[in-house]
Amino acid sequence: MTPPLELARRTFAAFAVHNFRLYFGGQVVSVSGAWMQRVAQSWLVLELTESGAVVGALTAVQFVPILLLAPFGGLVADRFEKRGVLYFTQSLAATIALTLGLLVLTDQVELWMVFALALALGIVGSVDNPTRNSFVMEMVGRSKLANAVALNSVLVNSARVIGPAVGGLLIVTVGLGWCFIINATSYLFFISALSLMRDEAIERSQPEIRRRGQLRQAIAYVAQHPVLRSTLVMSAVIGLFAYEFEVVLPLLARFTFEGDANTFGTMFAAIGIGAVVGGLFVANRGRTSPRAILAAAVGMGVAIAATALAPTIWVAYVTLLTVGVCSSAFLTLSNSVLQLESTPQMRGRVVGMRATAILGARPIGAPIVGWIGEHLGPRYALALGALAAIGVAIWARRRMLDA
């Protein structure tokens, strides 16, 4: 086999699995639609209030449920058949998007309705996220898990670029309401993909029997497992201080480099391109280890520090590309390790804790990083993230490698 063909075979190994191909195809449409809705939702609130602070509050409302409820969502994933849970969560998300779209199209929408539906979507996401992530293992098995998670990371990061771009185009051409209607339709692609899967090829984990103290049991399980404990602590610290790019990059573009919206957009594009490259690298590697997670965290910290010190905007674009590579690698590798090191009965709850650590930290970290960026400067806000990533990697090194 020629080297290019062998490279492609390793990089896209999980596509050999019929069910994962369906899952990936459904996700391409659904995740792009979800990012499109985030842009439209923020623009809708801006039109209703003309307040950036209210837009920020909307983001917090949507992510707070993940902070509080994702471990319980993981427990749902452990107790019930995961594909059935996904039918339910995806249908609810489609209904929420459809409701918001109809409210906008009929000119009945009010601010409290947008916040209520965002909160509902966050609650659905607290169950959907850990279920969707832990379902990957049941489709591809242990040998292809790292590759499948990496390919899914490539998908998500590509959707972060495609979804907002399509959303912006639709807002201008057909209006806000249709963005939500089209997103509601996009969920049908993923639901259809689930229905077409080969049932006999799914390696189901034994559902947990309902009993008292199951969440406490999972916390105790993680606390006694050095690799799981250290990976979750790293995810929480990095999620809290280093992943607040949506807060710090607008400040860096506007006040440090005296740029405009185009500068901000190019910064995000650089991170997105780097993230796709990082995901493909991990997919080609096809394996993971605690040492690789530590290297990715340190690399991310160094790249963020280089961005904080960048003398020109063009240097910042290059360093942000590297930030994207390392951040994508860290997310992918940590997700894989947590699933591989967990028992099947605990996997959903452990993945739920990861969602809390990374996504749930945003409502807490964003005001802190934003305050530092406003009062001390964007470079200092980035420096905090760099120190957090490198510092927590140093803390975790002995605990993970000696386990």
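Helices, in the sense used here, are DSSP runs of type H or I with at least four residues, and strands are E runs of at least two. By that definition, the chain of this predicted model contains 16 helices and zero strands. Its radius of gyration is 20 Å, which agrees with the value near 22 Å that a compact globule of 403 residues would have.

**Overall form and surface**

- Along the principal axes, the C-alpha atoms occupy a box of roughly 55 × 50 × 50 Å.
- Buried residues make up 54% of the 403 residues in the chain.
- Among contacts between residues at least 6 apart in sequence, 87% join residues at least 24 apart.
- The chain carries 30 positive and 20 negative side chains, with 12 Å between the centres of the two sets.

**Nonpolar cores**

- The largest nonpolar core holds 73 residues, of which Phe-20, Met-234, Ile-238, Phe-245, Leu-249 and Met-267 touch the most other members.
- Helix 13, spanning residues 313–341, supplies the largest share of this core, with 10 residues.
- Leu-249, one of the core residues named above, is in contact with Phe-264, Met-267, Phe-268, Ile-271 and Leu-320, when its neighbours within four places in sequence are left aside.

**Gln-37, a residue of helix 2**

- Gln-37 belongs to helix 2, which covers residues 18–49.
- Gln-37 counts as buried because its relative accessibility is 3%, and the cut-off for buried residues is under 20%.
- Apart from residues up to four places away in sequence, Gln-37 touches Ala-97, Leu-121, Phe-180 and Asn-183.

**Ile-219, a residue of helix 8**

- Ile-219 is located in helix 8, which covers residues 214–223.
- Ile-219 counts as partly exposed because its relative accessibility is 48%; this class lies between the buried limit of 20% and the exposed limit of 50%.
- Between Ile-219 and Pro-71 there is a separation of 148 residues in sequence, while their C-alpha atoms are 9.5 Å apart in space.

Key: Residues are numbered from 1 along each chain as its sequence is written. This is a predicted model: local features need pLDDT of at least 70, side-chain atom pairs count only at pLDDT 80 or more; totals for chains, interfaces and linings use all residues. Side-chain values use heavy atoms; hydrogens and water are left out. The radius of gyration is taken over C-alpha atoms; the globule rule is 2.2 Å times the number of residues to the power 0.38. Buried means under 20% relative accessible area, exposed over 50%, partly exposed in between (1.4 Å probe, protein chains only). Contact means heavy atoms within 4.5 Å. Lys and Arg count as positive and Asp and Glu as negative; His and the chain ends are not counted. The place of a charge is taken as NZ of Lys, CZ of Arg, CG of Asp or CD of Glu. A nonpolar core is a set of buried Ala, Val, Leu, Ile, Met, Phe, Trp, Tyr and Cys residues joined through side-chain atoms within 4.5 Å.
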